[in-house]
Amino acid sequence: MGMNSTEDKIKEIAREFSKATEPVIKEAKKAAEPFLRDVKEATKPYTSKAEPYIKKAEPYFKDIKEKTEPYLKDIKDKAEPVYAEVKTKAEPYIKDIKEKAEPYITKAKEKTAPAAKTVKETSQKAAKVAKEASRDISAKAAKRACKEEVFVQYNHHEINTSDIIERAKKDYISKGNKATAIKEIQVYIKPSDNAAYYVVNHTDTGKVEF
């Protein structure tokens with residue numbers, strides 16, 4: 001256990017650090033993908049020109065890889081016992097930390113439980129209100145979309161009540177009154193007279209014949 005052992009431990013720690021940072025690097029890589037695509041497109045003309053030279057260099061890369069593989073395997077084989085030793089020695093400390101932290105974690109959970117329950121209940125209430133509002137809006141929209149007509153049939157006549165109301169309003173306006181003056185109007189259809197009688201604002205009366 002000399003200089004080589006220390007170096008091996010340092011290398012192993014470096015590898016562990018690299019392993020721990022992999023998720024962060026992965027996220028960063030994902031975020032950078034759009035920019036990398038833009039760079040790739042921008043450099044495409046140059047990389048196309050470089051491709052023949054890269055192909056020529058491939059045998060050399062392959063040769064270097066084959067020659068270095070035994071050394072990499074040797075480094076890995078020597079590092080494994082050190083890693084196992086570090087892991088074994090670290091386990092009691094990790095266990096101790098975990099056991100000491102558990103009461104605080106439990107306490108934190110107990111404190112946050114009421115707040116979490118309140119948030120859940122509030123979310124459920126909000127969802128219920130939103131659902132009811134949606135139903136109310138749908139019902140109102142359906143009502144607005146529904147075309148309603150009432151017809152009065154007698155003998156050989158057929159009267160649309162909406163048309164009669166409009167005719168009553170026009171008759172009232174034709175007498176010199178303004179349309180904006182009509183606040184209320186009641187129409188009474190009397191088939192025996194072939195006419196409808198109307199009352200505007202509970203004061204002015206009129207008659208519309210069929």
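Trainee: Which residue is the bridge partner of Q186 in β4?

Mentor: V199 is the bridge partner of Q186. One caution before we go on. This is a predicted model, where local features need pLDDT of at least 70, side-chain atom pairs count only at pLDDT 80 or more, and totals for chains, interfaces and linings use all residues. Residues are numbered from 1 along each chain as its sequence is written, and side-chain values use heavy atoms, with hydrogens and water left out.

Trainee: How many bridges join β3 to β4?

Mentor: There are 6 bridges, and the two strands run antiparallel. Strands are DSSP runs (E, at least two residues), as are helices (H or I, at least four), and both are numbered from the N terminus. Two strands pair if DSSP finds at least two bridges between them. I189 stands opposite A196 in β4.

Trainee: What order do the strands of the sheet take?

Mentor: The order is β3-β4-β5, in an open sheet of 3 strands with antiparallel pairing. The edge strands are β3 and β5 (204-209), each pairing on one side only. From one strand to the next, the twist averages 20°. Angles run from 0 to 180 degrees between N-to-C directions, and axes are lines fitted to C-alpha atoms, for helices over the stretch in contact.

Trainee: Which helix packs on the sheet?

Mentor: Helix α3 (residues 161-174) does, touching β3, β4 and β5. Its direction makes about 115° with that of β3. Contact means heavy atoms within 4.5 Å.

Trainee: And how many bridges join β4 to β5?

Mentor: Again the count is 6, and β4 and β5 run antiparallel. In β5, G206 is the bridge partner of Y198. The two strands form a hairpin with 3 residues between them. In that turn, N201 has a positive phi of about 55°.

Trainee: Why is β4 described as largely enclosed?

Mentor: Because 5 of its 6 residues are buried, β4 is largely enclosed by the rest of the structure. Buried means under 20% relative accessible area, exposed means over 50%, and partly exposed is in between (1.4 Å probe, protein chains only).

Trainee: Back to the other hairpin. How many residues lie between β3 and β4?

Mentor: There are 4 residues between them. N194 in the turn has a positive phi of about 50°. N194 sits in the loop between β3 (185-190) and β4 (195-200).

Trainee: Is N194 buried or partly exposed?

Mentor: N194 is partly exposed, at a relative accessible area of 33%. Leaving aside neighbours within four places in sequence, N194 is in contact with Y154, H157, E209 and F210. Take H157: it is 37 residues from N194 along the chain, and their C-alpha atoms are separated by 9.1 Å.

Trainee: New topic. How many salt bridges does the structure hold?

Mentor: It holds 3 salt bridges. Each is a side-chain nitrogen of Lys or Arg within 4 Å of a carboxyl oxygen of Asp or Glu. Side chains of opposite charge can pair when their charged atoms come close.

Trainee: Where do E166 and K169 lie?

Mentor: Both lie in helix α3, 3 residues apart, about one turn of the helix. E166 is partly exposed at 42% relative accessibility, and K169 is partly exposed at 28%.

Trainee: What does K190 form with D193?

Mentor: A salt bridge, with the closest N and O atoms 3.5 Å apart. K190 is partly exposed at 41%, and D193 is partly exposed at 34%. Another salt bridge joins the side chains of K175 and D171 (3.4 Å, N to O).

Trainee: What about N160, buried or exposed?

Mentor: N160 counts as buried, at 10% relative accessibility. N160 is found in strand β2 (residues 157-160). Its side chain makes a polar contact with the side chain of E149 (3.4 Å). A polar contact is a pair of N or O atoms within 3.5 Å; within protein, one must be able to donate a hydrogen and the other to accept it, and residues adjacent in sequence count only if both atoms are side-chain atoms.

Trainee: Last one. What pattern does the chain follow?

Mentor: Along the sequence, the pattern is α-α-β-β-α-β-β-β. That covers 3 helices and 5 strands. Of the 210 residues in the chain, 9% are buried.
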